[in-house]
Amino acid sequence: MTRIAALIGKGGRLPAILECVERLRDRAEVRLVISYKKESPGVELAREKGIESVCMYWGGWKKEGKGREEFCREVARILTERHIDLVVMAGWDVILSKEYFDGFSGKTMNIHPSLLPAFAGFH
């Protein structure tokens with residue numbers, strides 16, 4: 001069974017992810033949803049469906065003087081503790097650090113909601 005985590009913002013793409021994974025119920029399941037927002041409708045949806053979910057407010061980390069590397073290490077720690085096999089980034093707007101990819105290289109995919117390379121994003 002492939003254990004999937006969805007990293008989201010508000011969670012607009014989460015219903016489609018859950019629907020797709022539901023079709024694979026004997027091979028995969030969404031075990032965890034993490035949002036970088038203070039509040040997220042996607043987190044609420046996940047909780048309604050009995051999926052563990054966490055709001056890790058990125059803005060709060062920055063206000064406390066903590067850096068992106070620390071934030072990414074905490075995300076990786078949470079994913080590792082839950083034995084996540086695949087991470088799907090869907091609306092996750094925090095650039096992940098090297099520390100994150102030390103543990104999840106080859107296990108992370110990003111859903112990019114625009115045409116590439118014309119609209120590549122910030123960096």
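Guide: What follows is a set of questions on a predicted model, each answered from a value and, where needed, a cut-off.

Visitor: Why is Ser35 called buried?

Guide: Its relative accessibility is 0%. Buried means under 20%, so Ser35 counts as buried. Ser35 is part of strand S2.

Visitor: What does the side chain of Ser35 reach?

Guide: The side chain of Ser35 reaches the backbone oxygen of Gly9 at 2.7 Å. A polar contact needs N or O atoms within 3.5 Å, so this pair qualifies on distance. Not counting residues up to four places away in sequence, Ser35 touches Ile8, Gly9, Ser40, Val43, Val54, Cys55, Met56 and Trp92. Gly11 is 24 residues from Ser35 along the chain, with 7.8 Å between their C-alpha atoms.

Visitor: Is Ser40 buried or exposed, and how do you know?

Guide: Ser40 has a relative accessible area of 5%. The limit for buried is under 20%, so Ser40 is buried. Ser40 sits in the loop between S2 and helix H2, which covers residues 41-48.

Visitor: Which backbone oxygens lie by the side chain of Ser40?

Guide: The backbone oxygen of Gly9 is 3.0 Å from a polar atom of the Ser40 side chain. The backbone oxygen of Lys10 is also reached by that side chain, at 3.0 Å. Leaving aside neighbours within four places in sequence, Ser40 is in contact with Ile8, Gly9, Lys10, Gly11, Ser35 and Cys55.

Visitor: What makes Cys55 partly exposed?

Guide: Cys55 has a relative accessible area of 31%. Cys55 belongs to strand S3. Beyond its neighbours within four places in sequence, Cys55 has contacts with Ser35, Lys37, Lys38, Glu39, Ser40 and Val43. Ile78 is 23 residues from Cys55 in sequence, and their C-alpha atoms are 12 Å apart.

Visitor: Why is Ser53 called buried?

Guide: Ser53 has a relative accessible area of 11%. That value is under the 20% cut-off, so Ser53 is buried. Ser53 is located in strand S3, residues 52-55.

Visitor: How do you know that Ser53 makes a polar contact with Arg47?

Guide: The two side chains come to 3.0 Å. The distance limit is 3.5 Å, so the pair is within it. A polar atom of the Ser53 side chain also lies 3.4 Å from the backbone oxygen of Val43. Apart from neighbours within four places in sequence, Ser53 is in contact with Val33, Val43, Ala46 and Arg47.

Visitor: What makes up the largest nonpolar core?

Guide: This core has 23 residues, and those with the most contacts inside it are Ile34, Phe71, Val75, Leu79, Trp92 and Tyr100. At least two residues each come from strand S1 (2-8), strand S2 (28-35), helix H3 (58-63), helix H4 (68-81), strand S4 (86-90) and helix H5 (98-104). H4 gives the most, with 6 residues. Leaving aside neighbours within four places in sequence, Leu79 is in contact with Ala5, Leu32, Ile34, Ile84, Val87, Tyr100 and Phe104. Another core lies apart, with 15 residues, among them Ala6, Ile8, Ile17 and Val43. In soluble globular proteins, nonpolar side chains tend to be buried together.

Visitor: Why is His83 called exposed?

Guide: His83 has 54% relative accessibility. Exposed means over 50%, so His83 counts as exposed. His83 is in the loop between H4 and S4.

Visitor: Why is Gly103 called partly exposed?

Guide: Gly103 has a relative accessible area of 42%. This value lies between the 20% and 50% limits, so Gly103 is partly exposed. Gly103 is found in helix H5.

Note on methods: Residues numbered from 1 in each chain as written. Predicted model: local features only at pLDDT ≥ 70, side-chain atom pairs only at ≥ 80, totals over all residues. Heavy atoms only, no water. Helix = DSSP H or I, 4+ residues; strand = E, 2+ residues; numbered from the N terminus. Buried < 20%, exposed > 50% of the residue type's maximum accessible area, 1.4 Å probe, protein only. Polar contact = N/O pair within 3.5 Å; in protein donor to acceptor, adjacent residues only side chain to side chain. Contact = heavy atoms within 4.5 Å. Core = buried A, V, L, I, M, F, W, Y, C linked by side-chain atoms within 4.5 Å.
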